[in-house]
Amino acid sequence: QMKRLLTFTLFLGIAWGQDMTWLNGSYTAMEIGAPEGILGMGVYHPEKNYYLKLSGKLSNHSLDDDDAYDFSPNLFYQDEDRGKAHGFVGFGGGYIYSFNPKIQIFAGALFGFKDTWYKRYDSSQILGDDGVYYIQDDDGTSLVISPGFGLLFPNEKGNQFIVGFDANPMNIYLGYSWKNE
């Protein structure tokens with residue numbers, strides 16, 4: 001999961017570092033969402049009617065983590081099942097429509113990867129520091145399309161507040177963007 005986020009970030013960095021004139025008049029944004037804890041970075045360009053966005057979940061698990069394992073979920077069947085945890089990383093964009101200078105609406109989609117982990121509790125705390133550990137669900141990694149929409153509210157400083165929603169995984173987010181000159 002983290003490798004995918006780094007690959008997307010590297011790709012975005014290479015593209016960003018080329019010809020910066022495409023940023024003139026756009027807004028660079030940072031966003032945080034709930035209930036999934038997804039962070040987003042984006043570029044919103046209302047004058048040219050498009051936006052681009054990179055999103056990733058804060059608490060992604062990796063097999064390199066001390067509390068993450070890649071064995072059968074049935075191996076320690078006596079441990080308490082605490083549901084599933086999900087990871088996500090995605091890249092996408094969409095269209096921005098301006099109602100008036102005080103409000104703009106945007107809609108688009110993210111294309112990404114969603115990972116699933118079984119969350120278990122080991123009362124003897126051998127497999128996890130606090131007893132909680134994760135087992136990778138080999139069938140739980142999938143390519144997802146996450147449609148989304150939101151609103152941009154310009155403020156008196158020339159920047160924007162962002163309120164948005166992505167569907168898969170469900171993420172309601174707030175953000176702030178700064179004008180690129």
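Student: In which strand does Tyr97 lie?

Tutor: The structure is a predicted model, in which local features need a pLDDT of at least 70, side-chain atom pairs count only at pLDDT 80 or more, and totals for chains, interfaces and linings use all residues. Residues are numbered from 1 along each chain as its sequence is written, and side-chain values use heavy atoms, with hydrogens and water left out. Helices (DSSP runs of H or I, at least four residues) and strands (runs of E, at least two) are numbered from the N terminus, and Tyr97 lies in strand E5.

Student: Why is Tyr97 partly exposed?

Tutor: A residue is buried under 20% relative accessible area and exposed over 50%, with partly exposed in between (1.4 Å probe, protein chains only). Tyr97 is assigned to the intermediate class because of its relative accessible area, which is 42%.

Student: How do the elements of the protein run from the N terminus on?

Tutor: The secondary structure comes to one helix and ten strands. Written from the N terminus on, the order is α-β-β-β-β-β-β-β-β-β-β.

Student: What share of the contacts with a separation of 6 or more comes from residues 24 or more positions apart?

Tutor: A contact means heavy atoms within 4.5 Å. Asn24 and Glu181 are 157 residues apart in sequence, yet their C-alpha atoms are 5.4 Å apart in space. Over the protein, the share asked for is 60%.

Student: What is the phi of Asn49?

Tutor: Asn49 lies in the loop between E2 and strand E3 (50-57), and at 29% relative accessibility it counts as partly exposed. Its phi is positive, in a residue other than glycine, with a value near 65°.

Student: Is Asp122 buried or exposed?

Tutor: Asp122 lies in the loop between strand E6 (103-121) and strand E7 (132-136). Leaving aside neighbours within four places in sequence, Asp122 is in contact with Asp79, Leu127, Gly131 and Tyr133. Its relative accessible area is 6%, so Asp122 is buried.

Student: Which residues do salt bridges with shared partners join into one network?

Tutor: A salt bridge is a side-chain nitrogen of Lys or Arg within 4 Å of a carboxyl oxygen of Asp or Glu. Glu31 meets Lys53 at 3.2 Å, N to O, and Lys53 also forms a salt bridge with Asp166, with the closest N and O atoms 3.2 Å apart. Both Glu31 and Lys53 are buried, and Asp166 is buried as well. The network is made up of Glu31, Lys53 and Asp166.

Student: How far apart in sequence are the parts that the salt bridge between Glu47 and Lys179 ties together?

Tutor: Glu47 forms this salt bridge with Lys179, the closest N and O atoms being 3.9 Å apart. Glu47 counts as exposed at 60% relative accessibility, whereas Lys179, at 28%, is partly exposed. Because Glu47 lies in the loop between E2 and E3 and Lys179 in strand E10, the separation of the parts in sequence is 132 residues.
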